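Please take me through this structure as it stands open in the viewer.

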Amino acid sequence: NLKKQKKFFVEVNCPACKADKKKNIFEKYSFKFQICKNCETIFMSPRPTQKIMDSYYQNSENYKFWAENIFPKSESIRKNSIHKLWIRRIISYIKKYNLSHKSIIEVGSGYGTFGDLTITSKFFREYVGIEPTPELSKVCRNRNLKIINKKVEDVNLNKKFDVAVSFEVIEHIFNPELFLQKIGTFLKKKGCLFLSCPNGKGFDIEILREQSQSVDSEHVNLFNPNSIELLLNTNNFDVLEIFTPGRLDAEIVRDEILKGFTQIDSFLKKILVEDWERIGWKFQKFLAKNNLSSHMWVCAQKR
């Protein structure tokens, strides 16, 4: 569907620092990805216009299929293995920085699993979610979650929240600056924001490049720790911490090597194949500890 509209795609500057100096880094599915010569953000350009993206997410067969098939069948595993970890992590950082937490707003509520957990945790008194995809917002409402079925840029609220969260959303956004500015209007002064997204300088993207699953037709922005901080700083947020808690980079690259991916040197082959059982997990922990995993989290505070 996106390929059919490629003639309407538009060139953009770097979504993090606005620099216009870029070079082609790779292509995937015939879409071109550039790397900013200033902050090294990887981004799709030309990319779908805001109008094309809005239509895509409103009428996505992909997300309808997830809502009707994949999410229901995998929810128990995702809840226990992913979302409970998220809520514990957020609570721990709120306590660490002594942040207010009476109310929370989630941008991109998806299937509503995280929203359910915020309520059952009793750590937050109020939850509101924003979900633009009709099928997913319907599921959330059926779970008795308070949901706004609009894209975030079109949402106007009469109240402000202590906490905002957005998981795996900002990489999909045409204009991340406007996205963050809008979230800022939802937050009280000193309110906190938790973001998660791919790290464009993470191990599996650095090694696999366009073969990485983090590079796809929907991920138009692949920030890195430095560039996401730059973007937040220029949009009225102070970064408290950036970390990459990913656990799968080494295993993902290992799987590609075993399938025949040959662009690997003997040193990494020893770690990821020959001595995998002994040092594979140690290597993954090294990547995570040094912000080299391809899964990134940010905790920031509104000025």
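Begin by selecting Val12, Asn13, Cys14, Pro15, Lys18, Arg47, Phe174, Asn175, Pro176 and Glu177, which line the second largest pocket of this model. The model is a predicted one. The space in the second largest pocket comes to about 170 Å³. Colouring its lining by residue class gives five nonpolar, two polar and three charged residues.

How many cavities of 30 Å³ or more does a search of the whole structure find? The search returns one. The largest cavity has a volume of about 50 Å³. To display its lining, select Leu2, Pro48, Met53, Tyr56, Tyr57, His172, Ser217, Glu218 and Val220. Six residues of this lining are nonpolar, two are polar and one is charged.

The crossing of helix 2 past helix 3 is right-handed. To examine the contact, show the side chains on each helix in turn. Helix 2 contributes Glu75, Arg78, Lys79, His83, Lys84, Trp86, Ile87 and Ile90. From helix 3 come Thr113, Phe114, Leu117, Thr118 and Ser121. Sorted by class, the contact between helix 2 and helix 3 contains five nonpolar, four polar and four charged residues.

For the last stop, select helix 8 (residues 249-258) and helix 10 (residues 276-289). At what angle do helix 8 and helix 10 pack? The angle is about 130°, with the axes of helix 8 and helix 10 separated by 8 Å. On the helix 8 side, the contact is made by Asp249, Ala250, Glu251 and Arg254. The partners on helix 10 are Trp276, Gly280, Phe283, Gln284 and Leu287. This contact of helix 8 with helix 10 comprises four nonpolar, two polar and three charged residues.

How values were computed: Residues are numbered from 1 along each chain as its sequence is written. This is a predicted model: local features need pLDDT of at least 70, side-chain atom pairs count only at pLDDT 80 or more; totals for chains, interfaces and linings use all residues. Side-chain values use heavy atoms; hydrogens and water are left out. A crossing is left-handed if the near helix is turned anticlockwise from the far one by less than a right angle, and right-handed if clockwise. Helices (H or I, at least four residues) and strands (E, at least two) are DSSP runs, numbered from the N terminus. Contact means heavy atoms within 4.5 Å. Ala, Val, Leu, Ile, Met, Phe, Trp, Tyr, Cys and Pro count as nonpolar, Asp, Glu, Lys and Arg as charged, and the others, Gly among them, as polar. On a 1 Å grid over the protein atoms alone, a cavity is a set of points where a 1.4 Å probe fits but cannot get out, and a pocket is an open set with protein on both sides within 12 Å along at least five of seven lines; lining residues have an atom within 4 Å of a point. Grid points are joined across faces, edges and corners, and a volume is the space filled by probe spheres set on the points. Axes are lines fitted to C-alpha atoms, for helices over the stretch in contact, and angles run from 0 to 180 degrees between N-to-C directions.
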